[in-house]
Amino acid sequence: KPAATAPTAARAPPTRQTWGRIDTLQDHYDRHGADFQSTSPDDYAAQAWHFLQRGKAGQVPMKWDDSDSSLRVYDPKTRAFAAYNRDGTTKTYFCPNSPTYWQRQPGRPISPAQLPFK
């Protein structure tokens, strides 16, 4: 694929459209922004959105949790983890310290075609 059509080549929508609870963004950025060398809360939110695009492209594993309608995405190579709301907005994005964090997360494996949002 040419780089221009790669999911990460797209520009992230405005933060208020991608972050689930905007009032929590600063706290998440303060705690986890360094995990991704984020330069600002908006940069951190954009990186979380790009991570979701990788999941939607089938590049990293995803789990769907019916109990709270959460999508969880994990990259075993970088240890990046994120949780998203049913509408695709970000709940959190960070690199867990525990090597078994992903395995302990609730949910069933889900493919991009099975996602409840586009």
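Predicted model: local features only at pLDDT ≥ 70, side-chain atom pairs only at ≥ 80, totals over all residues.
Which residues does N85 touch, not counting residues up to four places away in sequence? Residues are numbered from 1 along each chain as its sequence is written, and side-chain values use heavy atoms, with hydrogens and water left out.

**View 1. Strand 3 is covered on both faces.**
Helices (H or I, at least four residues) and strands (E, at least two) are DSSP runs, numbered from the N terminus.

**View 2. Strand 3 pairs with strand 2 and with strand 4.**
Two strands pair if DSSP finds at least two bridges between them. Strand 2 (residues 70–75) runs antiparallel to strand 3 over 5 bridges, and A82 is the bridge partner of V73. These two strands form a hairpin with 4 residues between them, where R79 in the turn has a positive phi of about 70°. Strand 4 (residues 90–94) is also antiparallel to strand 3, over 4 bridges. Across this second pairing, A83 stands opposite T92 and Y84 stands opposite T90. The hairpin of strand 3 and strand 4 has 5 residues between the strands, and G88 there takes a positive phi near 90°. Strand 4 is largely enclosed by the rest of the structure, because 4 of its 5 residues are buried.

**View 3. The largest nonpolar core has 22 residues.**
A nonpolar core is a set of buried Ala, Val, Leu, Ile, Met, Phe, Trp, Tyr and Cys residues joined through side-chain atoms within 4.5 Å. Y44, F51, L71, V73, Y84 and Y93 touch the most other members of the largest one. Helix 2 (25–32), helix 3 (41–56), strand 1 (62–65), strand 2 and strand 3 each supply at least two of its residues. Helix 3 gives the largest share, 5 residues. A second, separate core of 6 residues includes F81, A83, F94 and W102.

Among the buried residues of helix 3 are Y44, A48, F51 and L52. Just after the helix, G58 takes a positive phi of about 80°.

**View 4. N85 sits in the loop between strand 3 and strand 4.**
Contact means heavy atoms within 4.5 Å. To return to the opening question, N85 touches G20, S69, T90, K91 and F117, not counting residues up to four places away in sequence. N85 is partly exposed, with a relative accessible area of 21%. H28 is 57 residues from N85 in sequence and 15 Å away in space, C-alpha to C-alpha.

Notes
Buried < 20%, exposed > 50% of the residue type's maximum accessible area, 1.4 Å probe, protein only.
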